[in-house]
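The structure is shown below.

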Amino acid sequence: MVPAFYQSCSEMIRKWEEAVPKETSVELDVWPHFQLMTGEVISRTAFGSSYEEGRIVFELQKEQAEYVMDQVFSIYIPGSRFLPSKKKKRMLEIKKEIQATIRRIIDKRLMVMKAGETSTTNEDLLGILLESNTKEIEQHGNKDFGMTTIEVMEECKLFYFAGQDTTSVLLVWTMIYCAYIESGKYVQERKF
């Protein structure tokens with residue numbers, strides 16, 4: 001999966017080079033760039049050749065998370081969950097669109113696997129999940145031992161949701177730490 005990391009990182013650095021004039025020093029807010037890059041890496045590593053569709057899932061889940069956070073921090077009125085609203089309607093649309101997109105990706109991948117093209121299907125998370133699931137079902141001779149399509153979809157969604165923010169936060173803190181060490185203050189403060 002290193003080529004996927006490399007490609008996304010190269011694209012991000014190229015954007016930085018275009019944004020910053022040569023031989024000058026400017027402040028650059030890297031947080032949005034890291035969020036975009038980690039989303040792209042996750043899309044590539046989760047869905048491989050279906051990267052664009054994976055990116056759609058990522059963007060929809062991000063929007064869904066914003067709606068959920070709005071609800072968490074709003075005042076709760078008993079019974080309000082039963083009242084229709086634009087946000088609730090949009091959240092339901094997003095949920096259905098995410099499920100339809102992931103199901104379409106899974107169905108395409110299963111068709112490729114049934115056609116016998118397994119050399120490229122197990123290079124990403126979805127391929128690994130589906131191949132493992134198929135082997136589990138074949139080994140036990142019963143579909144009850146494998147994951148359902150819904151469970152595979154949930155695993156993919158979780159991979160996105162859990163991986164994107166944590167990874168981008170880690171990258172930002174790593175850059176802050178590297179800048180701190182580069183400044184020489186770390187060495188000066190460590191002397192006893």
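## Aromatic pair

How many aromatic pairs does the structure hold? In this predicted model, there is one aromatic pair. The rings of tryptophan 16 and phenylalanine 34 have centres 5.9 Å apart and planes at 75 degrees, so the pair counts as edge-to-face, the cut-off for that class being over 60 degrees.

The pair links distant parts of the chain, 18 residues apart: tryptophan 16 lies in helix 1 (residues 2-19) and phenylalanine 34 in helix 2 (residues 31-47). Tryptophan 16 has a relative accessible area of 16% and is buried. Phenylalanine 34 is also buried, at 4%.

## Nonpolar cores

The largest nonpolar core contains 22 residues, and Phe47, Ile102, Ile106 and Leu126 have the most contacts inside it. At least two residues each come from helix 2, helix 3 (51-72), helix 4, helix 5 (125-140) and helix 6 (149-182). Helix 4 gives the most, with seven residues.

Not counting residues up to four places away in sequence, leucine 126 touches Ala46, Phe47, Ile105, Ile106, Arg109, Val152 and Cys156. A second, separate core has seven residues, among them Met12, Phe34, Val41 and Val172.

## Helix 4

Helix 4 spans residues 86-114, 29 residues in total. From its first C-alpha to its last it reaches 42 Å, close to the 42 Å expected at 1.5 Å a residue. After helix 4 comes glycine 116, with a positive phi near 95 degrees.

The buried residues of helix 4 are Met91, Ile94, Ile98, Thr101, Ile102, Ile105, Ile106, Arg109 and Met113. In an α-helix, residues three or four places apart point the same way because there are 3.6 residues a turn.

Terms used. Residues numbered from 1 in each chain as written. Predicted model: local features only at pLDDT ≥ 70, side-chain atom pairs only at ≥ 80, totals over all residues. Heavy atoms only, no water. Phe/Tyr/Trp six-rings, centres within 6.5 Å; stacked < 30°, edge-to-face > 60°. Helix = DSSP H or I, 4+ residues; strand = E, 2+ residues; numbered from the N terminus. Buried < 20%, exposed > 50% of the residue type's maximum accessible area, 1.4 Å probe, protein only. Expected span 1.5 Å × (residues − 1). Core = buried A, V, L, I, M, F, W, Y, C linked by side-chain atoms within 4.5 Å. Contact = heavy atoms within 4.5 Å.
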